[in-house]
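The structure is shown first, and the notes follow.

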Amino acid sequence: MSNRVVCREASHAGTWYSASGSQLNAQLEGWLSQAQSNSTIGPARAIIAPHAGYTYCGACAAHAYKQVDPSVTRRVFILGPSHHVALSRCALTPADIYRTPLYDMRIDRKVYADLWKTGLFERISLQTDEDEHSIEMHLPYTAKAMESHKDEFSIVPVLVGALSESKEQEYGKLLSKYLADPSNLFIISSDFCHWGQRFRYLYYDETQGEIHRSIEHLDKMGMGIIEQLDPVSFTNYLKKYRNTICGRHPIGVLLNAVAELKKNGLEMNLSFLNYAQSSECRNWDDSSVSYAAGALVVH
């Protein structure tokens, strides 16, 4: 059997974000310098952050990454939704190394081996992995946040399929033991409302005024429910409003993992720190994507 190291290339560099390490580094530093560190509540155990092109969401994502403490983090789980292949379960990559314009990051083979043993994970091809952007868009930010300890951590990328409620519960329970470990950080990759004809989603509550205000109200209702850390309430919200939150399944897995730990008496708090929209919709032929940055802290 071959011992060849499999590398996932930074396939969206040069289009969704800069392929120049120095330029990318300067951009990330600029956005992070504008964000506030919520040092009063302690380092994040999990963050929720967007995965759009950095010109759209780089500034928003910084508010989540600012809460990461590289001195305690030794393993970074990245849960991203699958945009290109139909998955009913979660999947793992065949790659050993993830490339970024800043530096390469290695997959945690031990955790991967443990996850494989459960029989709950599929394997995606390297091509599928490189086509997908939901995990990759977090790699430069992870590399930047962790740069002071860059040789001391590994990553655990998990591509999350269109999970049923019971599967979200199953994966949440499985991953809860990792979430309980202070040396692990979970990154939950999600944008919020995708509004417009091209997304086939035109929800509008005219009591809120302009369309973009209605979108913000809808998103913030969802964000408030996520902050309650109740997976059932979040599922009910999605069923009622059909809000096009593309990372709803990764969020659902996180909420179920939290619910499992709360049963064991762990105190946790999730708060959103920033909200943005790609543009302000005022007409029916407009479109926008919303972004939110949040952090989960264990007390």
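## Cysteines

No disulfides (pairs of cysteine sulfur atoms within 2.5 Å) turn up when the whole structure is searched. Cys-60 takes part in no disulfide, and its nearest cysteine sulfur, which belongs to Cys-57, lies 6.9 Å away. A disulfide is a covalent bond between the sulfur atoms of two cysteines.

Cys-60 has a relative accessible area of 3% and is therefore buried; buried means under 20% relative accessible area, exposed over 50%, and partly exposed in between, with a 1.4 Å probe and protein chains only. Cys-7 also counts as buried, because its relative accessibility is 18%.

## Basis of the values

The model is predicted: local features need pLDDT of at least 70, side-chain atom pairs count only at pLDDT 80 or more, and totals for chains, interfaces and linings use all residues. Residues are numbered from 1 along each chain as its sequence is written, and side-chain values use heavy atoms, leaving out hydrogens and water.

## Positive phi angles

Most residues other than glycine have a negative phi. Leu-229 is not a glycine, yet its phi is positive, about 60 degrees. Leu-229 sits in the loop between helix 7 (211–227) and helix 8 (231–241); helices are DSSP runs of H or I with at least four residues, numbered from the N terminus. With a relative accessible area of 5%, Leu-229 is buried.

Arg-242, also a residue other than glycine, has a positive phi near 55 degrees. The loop between helix 8 and helix 9 (248–263) holds Arg-242. Arg-242 has a relative accessible area of 59%, so this residue is exposed.

Conventions:
Helices (H or I, at least four residues) and strands (E, at least two) are DSSP runs, numbered from the N terminus.
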